[in-house]
Amino acid sequence: MRILVTGANGFIGSHLTRTLEAKGHEVMSHTSKNGDITEKNALDSFNDIEHVYHLAARTFVPGSWDNTHDYFRTNIMGTITALEFCRNNNCSITMMSTYVYGEPKYLPVDEKHPVVAVSPYHKSKITCEEICAFYSEKFGVRVTVLRPFNVYGKGQSEAFLVPKIYSQVVNDSVKEISIMDLEPKRDYVYIDDVIDALIATLNATKLLAFYNVGSGTSTSVEDVILSTFQAAGISKPYRSTNEKRFSEISDCIADISSIHADLGFVPRFTLLEGLRAWYEEK
């Protein structure tokens, strides 16, 4: 299949591109070097595309408070560019969204849970999902939206929690692990499982579908530290600075029964297995 990946040089995009090529697909890549994804004709140079993976986005949540205009422009207009391309070229699209549920009203969280914009970043993604639904309904574009929970793995920025912990654990010069808050629990999903979910959407048959992507379990920040120690065979003192993030979520668990039923997705990695795979690869 001839596939276009936007944001191909990002954390998820680079993993996806390599995997698709290894599976024999012809992959076209769009990155910022190819031009601004928000421009109307940004993708016009690509021909005979059968499916688009739209991953180009600004994703670091705290940054969205200070650079709100940039987040809205990139995420929303970039998505419209990708959808217009699919509309005009009769191809399907997988759009990467995010965890959009805020503090859960129940666990595990399924796709019917109300969506909540806890930051400008989340608002931009919820808006993108609404636009995807519009293009599917009004223009017949086949759209699959993935809502990954907390993705981690090799190549992710240390601004994110698990790489931040990982780098402190494996760095010999760091004698004590320091984290803001040890208590919040998250559903951590390894990058290879996210790639499996993305590739599974090539077989999607619904005109519009939304799917959670996670492990189906939740783990505290403290247990992430302990699991990283176990994966790396390293132990150090650790402490919390007792800082609470704005709009912190206490716990979340993904209900992944829909993507399993429709696309056959089953996560292959527990948190410990993902950390071990990451450590052994590195």
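**Exercise 1. Work out how well covered strand 4 (residues 92-96) is, and which way its side chains go.**

Start with the count: 5 of the 5 residues in strand 4 are buried, so the strand is mostly covered. Buried here means under 20% relative accessible area, exposed means over 50%, and partly exposed is in between (1.4 Å probe, protein chains only).

A word on the ground rules. This is a predicted model, where local features need pLDDT of at least 70 and side-chain atom pairs count only at pLDDT 80 or more, while totals for chains, interfaces and linings use all residues. Residues are numbered from 1 along each chain as its sequence is written, and side-chain values use heavy atoms, leaving out hydrogens and water. Helices (H or I, at least four residues) and strands (E, at least two) are DSSP runs, numbered from the N terminus.

**Exercise 2. Find the partners of strand 4 and place the strand in its sheet.**

Take one side at a time. Strand 3 (residues 51-54) runs parallel to strand 4, joined by 4 bridges; here His-54 has Met-95 as its bridge partner. On to strand 5 (residues 143-148): strand 4 pairs with it in the parallel sense, again over 4 bridges, and Ile-93 stands opposite Val-143. (Two strands pair if DSSP finds at least two bridges between them.)

Now zoom out. The sheet is open, has 6 strands in the order 2-1-3-4-5-10, and pairs in parallel. Strand 2 (26-30) and strand 10 (208-213) sit at the edges with a single partner strand each, so one side of each has no neighbour in the sheet. On average, neighbouring strands are turned by 20 degrees against each other, direction ignored.

**Exercise 3. Describe how helix 6 (residues 191-200) sits on that sheet, and explain why it is largely enclosed.**

First, the contacts: helix 6 packs on the sheet and touches strand 3, strand 4, strand 5 and strand 10. Contact means heavy atoms within 4.5 Å. Then the direction: helix 6 makes about 155 degrees with strand 4. Axes are lines fitted to C-alpha atoms, for helices over the stretch in contact, and angles run from 0 to 180 degrees between N-to-C directions. Last, the burial: 8 of the 10 residues of helix 6 are buried, so the rest of the structure largely encloses it. Among them are Ile-191, Asp-193, Val-194 and Leu-198.

**Exercise 4. Characterise the crossing of helix 5 (residues 161-170) and helix 7 (residues 221-232).**

Geometry comes first: the two axes come within 10 Å and cross at roughly 45 degrees. Helix 5 and helix 7 are therefore oblique to each other, given that angles under 35 degrees count as roughly parallel, over 145 as roughly antiparallel, 65 to 115 as roughly perpendicular and the rest as oblique.

Then the residues: from helix 5, Leu-161, Val-162, Ile-165, Tyr-166 and Val-169 meet Val-221, Val-224, Ile-225, Thr-228, Phe-229 and Ala-232 of helix 7. By class, that contact has 10 nonpolar, 1 polar and no charged residues. Nonpolar covers Ala, Val, Leu, Ile, Met, Phe, Trp, Tyr, Cys and Pro; charged covers Asp, Glu, Lys and Arg; the others, Gly among them, are polar.

**Exercise 5. Check the backbone at Pro-108 and Asn-90.**

Pro-108 lies in the loop between strand 4 and helix 4 (120-139).

For Asn-90, phi is near 55 degrees, a positive value in a residue other than glycine. Asn-90 belongs to the loop between helix 3 (68-89) and strand 4, and counts as exposed at 73% relative accessibility.
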